Amino acid sequence: LAASEDTVYLAADEEVVALDLVSGAESWGYPVEPDKQEFGPFFATPLVDKGVVNVAGYGDGEVYALTRERGTEQWTVETGAGIVEGPASVGSSIVVGNNDGAVFVIDQETRDKRLILQVDEAIWATPRVDEANDRVYVAAMDHNLYAVELATGEQAWVYDAGGALVGTPALNDGVVYAGTLTSKFFAIDAETGSELWQIETEGWV
C-alpha cells in the first residue's frame with residue numbers, strides 16, 4: 001500500500017488499484033482486464049512520485065510507471081529478475097534491486113537504466129537513498145550492507161551483518177540502522193561503515 005493525498009494505491013496479485021481514501025471506491029485498476037493479461041504478481045510497495053505510481057513485478061521483473069489519475073501505463077523498464085520490494089526515489093530517477101542481486105538507477109525521463117551494484121544473492125529490500133551524500137545503502141541477502149555512490153557505482157564501504165538482510169535500512173543523523181534474519185539489530189556510521197553498536201533480538205528483524 002501507498003497513500004498520497006486522497007488516494008491509496010494497492011498492488012496485489014496481478015493488479016494495481018487506486019482507491020478513494022475516504023469512501024474506498026475504486027478509481028482505476030491496472031491492467032484493465034487482469035484475468036486476460038499476465039502481469040505481476042505484485043509484492044512490492046508502490047512508489048508515488050512526480051505524478052506517477054511506480055510498481056514492480058515479481059514474475060516479470062519489470063518496473064511500471066502509471067499515471068496517478070487514470071492508471072495509464074507511461075512506460076516499463078525490465079530489470080531481468082523478479083522484484084520483491086519497490087523502488088526508492090532520487091532526483092528524477094528511481095533506484096530498485098532485484099532477485100538476481102542487481103541494483104539499478106532508472107531515469108524516469110529518459111528510461112535509461114544504469115547498474116550500480118551486482119552481488120551474489122537477492123535484494124529483497126528497497127534501497128535507502130542518502131541524497132545529501134549522493135549515496136544509497138543496500139541491504140542484501142548475502143549478509144552484507146552496502147554503501148554505494150550513486151554517481152559512479154563505487155562501493156564506499158561494505159558491512160558484514162552476519163545474516164541475511166531483508167528490510168529496508170533506516171537512516172537518521174548520519175547513522176544507518178538495519179536488522180537481520182539472525183536476530184541482530186545494529187547501528188552503522190553512514191560515512192565510514194564502522195559499527196557503532198549491536199543488540200540481539202528475540203526474533204527475526
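The legends below describe close-up views of a predicted model.

Residue numbers start at 1 in each chain, following the sequence as written, and side-chain values rest on heavy atoms, with hydrogens and water left out. Because the model is predicted, local features need pLDDT of at least 70 and side-chain atom pairs count only at pLDDT 80 or more, while totals for chains, interfaces and linings use all residues.

**Figure 1. Overall view of the protein.** The protein has 0 helices and 20 strands (DSSP runs, H or I of at least four residues for helices and E of at least two for strands, numbered from the N terminus). Its radius of gyration is 17 Å, close to the 17 Å of the globule rule for 205 residues, so the protein is as compact as a globular protein of that length (the radius is taken over C-alpha atoms, and the rule is 2.2 Å times the number of residues to the power 0.38). Along the principal axes, the C-alpha atoms fill a box of roughly 50 × 40 × 30 Å. The accessible surface comes to about 9700 Å², and 45% of this belongs to carbon and sulfur atoms (Shrake-Rupley method with a 1.4 Å probe; for residues, only the protein chains shown count as cover). Of the 205 residues, 49% are buried (buried means under 20% relative accessible area, exposed over 50%, partly exposed in between, with a 1.4 Å probe and protein chains only). Among contacts between residues at least 6 apart in sequence, 34% join residues at least 24 apart (contact means heavy atoms within 4.5 Å).

Figure 2. Strand S18 (residues 175–179) pairs with strand S19 (residues 184–189) in the antiparallel sense, over 5 bridges (two strands pair if DSSP finds at least two bridges between them). Valine 176 stands opposite isoleucine 188 in S19. There are 4 residues between the strands of this hairpin, and serine 183 takes a positive phi near 65°.

Figure 3. S19 and S20 run antiparallel and are joined by 5 bridges. Phenylalanine 186 has glutamine 198 in S20 as its bridge partner. The hairpin has 5 residues between its strands, and glycine 193 in the turn has a positive phi of about 85°. Leu196, Trp197 and Ile199 form a nonpolar patch on the surface, with about 280 Å² of accessible area together (patches are made of residues with over 30% relative accessible area and no salt bridge; like charges are joined within 9 Å, nonpolar side chains, namely Val, Leu, Ile, Met, Phe, Trp and Tyr, within 5 Å). Tryptophan 197 is found in strand S20 (residues 195–200) and counts as partly exposed, at 37% relative accessibility.

**Figure 4. Surroundings of alanine 18.** Alanine 18 has its place in strand S3 (residues 15–20). Its relative accessibility is 0%, so alanine 18 counts as buried. With neighbours within four places in sequence left aside, alanine 18 is in contact with Thr7, Val8, Tyr9, Ala25, Glu26, Ser27 and Trp28.

**Figure 5. Surroundings of alanine 81.** Alanine 81 lies in the loop between strand S8 (73–78) and strand S9 (88–90). At 10% relative accessibility, alanine 81 counts as buried.

**Figure 6. Salt bridges.** A search of the whole structure finds 3 salt bridges (a side-chain nitrogen of Lys or Arg within 4 Å of a carboxyl oxygen of Asp or Glu). One of them joins the side chains of arginine 68 and glutamate 5, at 3.6 Å from N to O. This pair links distant parts of the chain, 63 residues apart: arginine 68 is in the loop between strand S7 (62–67) and S8, and glutamate 5 is in the loop between strand S1 (2–4) and strand S2 (7–12). Glutamate 5 is exposed, with a relative accessible area of 68%. In another, arginine 135 meets glutamate 149, with the closest N and O atoms 3.0 Å apart. Arginine 135 lies in strand S14 (residues 135–139) and glutamate 149 in strand S15 (residues 144–149), so the pair ties together parts 14 residues apart in sequence. Arginine 135 is buried, with a relative accessible area of 7%. The side chains of lysine 50 and aspartate 49 also meet in a salt bridge, at 3.0 Å from N to O. Lysine 50 is exposed at a relative accessible area of 52%, whereas aspartate 49 is buried at 13%.
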